[in-house]
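Dear colleague,

I am passing on to you the structure we spoke about, and I would be grateful if you could look through it alongside the notes that come after it.

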Amino acid sequence: MATFHVMAGHDSVVARPAIRRIGLSDVRDALARGFDDFRAKPSHYVFLSLIYPISGVVLVTWSSGANLLPLIFPLIAGFALLGPFFAIGLYEISRRRERGMDTSWRHALDVRHSPALPSILAVGAMLMALFVAWLVFAQILYTSLFGPEPPQSLALFLASIFSSENGLLLMLAGNAIGFCFALIVLATTVIAFPMLLDRDVGAVAAMETSLRATLVNPVPIACWGLIVAALLIIGTVPLFVGLAVVMPILGHATWHLYRKIVVDEPQ
């Protein structure tokens, strides 16, 4: 039965797995392996990841119709903070393919039987909290520059953003704040979810291992973060449809990045 392990794993031992130093060639290889996993049965993975573009369109539609135009960009950008959690089923598919097991799409749902599920949900809850915090910061920033009144229309909103000093300040400060949130997510979860699927080590141990991996490999992890950001931006055009391809590739690649960074458990 799944139980929540905070600091330690199922054996009550605090896990500190060894971390390898990797290079940019390893990042490229992880991405290539992710593409290979996607290419094996792409229809399954596109189906699984449709929730991401559909959710993105729903969020934008909701914000546009509820006088929340200033939150359109924060919603789109911040929604990517939840990406590592949404890709959890894809990590499972890559794990099974690596071990020569059946990779039918239904096995992506096998995550619900993982002994580490409570820990996975706990880290997911942390990502959701960061997402909400990002939206709050974005709203506070907009209000401080443009006041509490919502824009009258999308055209007037865009005009105020791109043709005023406050609009420039909003873009600069907003992207800087967003970068800080993205950096926190990258450093603490870059390999946390794949690790929890592979080893029931506890939520804190998984995030601590991700942080150590980032500190040991700052340049490759930074490069990985830039690749993820660039592909997510490309995937949002048009109407988030590209995310149905980008998300599964990145999800599979994240599994292979984890396997390259974390040393295997001794048998």
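This is a predicted model: local features need pLDDT of at least 70, side-chain atom pairs count only at pLDDT 80 or more; totals for chains, interfaces and linings use all residues.

Residues are numbered from 1 along each chain as its sequence is written, and side-chain values use heavy atoms, with hydrogens and water left out.

Taking a salt bridge as a side-chain nitrogen of Lys or Arg within 4 Å of a carboxyl oxygen of Asp or Glu, the count comes to 15. One of them joins aspartate 29 to arginine 33, at 2.7 Å from N to O, and both residues lie in helix α1 (residues 24-40), four residues apart, or about one turn of the helix. Helices here are DSSP runs (H or I, at least four residues), numbered from the N terminus. With buried meaning under 20% relative accessible area, exposed over 50% and partly exposed in between (1.4 Å probe, protein chains only), aspartate 29 is partly exposed at 28%, and arginine 33 is partly exposed at 42%.

Helix α11 (residues 203-216) holds another such pair four residues apart, glutamate 208 and arginine 212, whose closest N and O atoms are 2.9 Å apart. Here glutamate 208 is partly exposed at 24%, whereas arginine 212 is buried at 18%.

Arginine 259 also forms a salt bridge, with aspartate 264, at 2.7 Å between the closest N and O atoms; arginine 259 has a relative accessible area of 24% and aspartate 264 one of 40%, so both count as partly exposed. Salt bridges that share partners also join Asp26, Asp29, Arg33 and Lys260 into one network.

A pocket is an open set of points on a 1 Å grid over the protein atoms alone, where a 1.4 Å probe fits, with protein on both sides within 12 Å along at least five of seven lines, and its lining residues have an atom within 4 Å of a point. The largest pocket holds about 1,300 Å³ of space, the volume being that filled by probe spheres set on the points, which are joined across faces, edges and corners. Of its 45 lining residues, the closest to the centre are Ala80, Ala182, Val228, Ala229 and Leu232. Elements giving two or more residues to this lining include α9 (165-189) and α12 (218-235). The lining divides into 33 nonpolar, 12 polar and no charged residues, where Ala, Val, Leu, Ile, Met, Phe, Trp, Tyr, Cys and Pro count as nonpolar, Asp, Glu, Lys and Arg as charged, and the others, Gly among them, as polar.

With best regards
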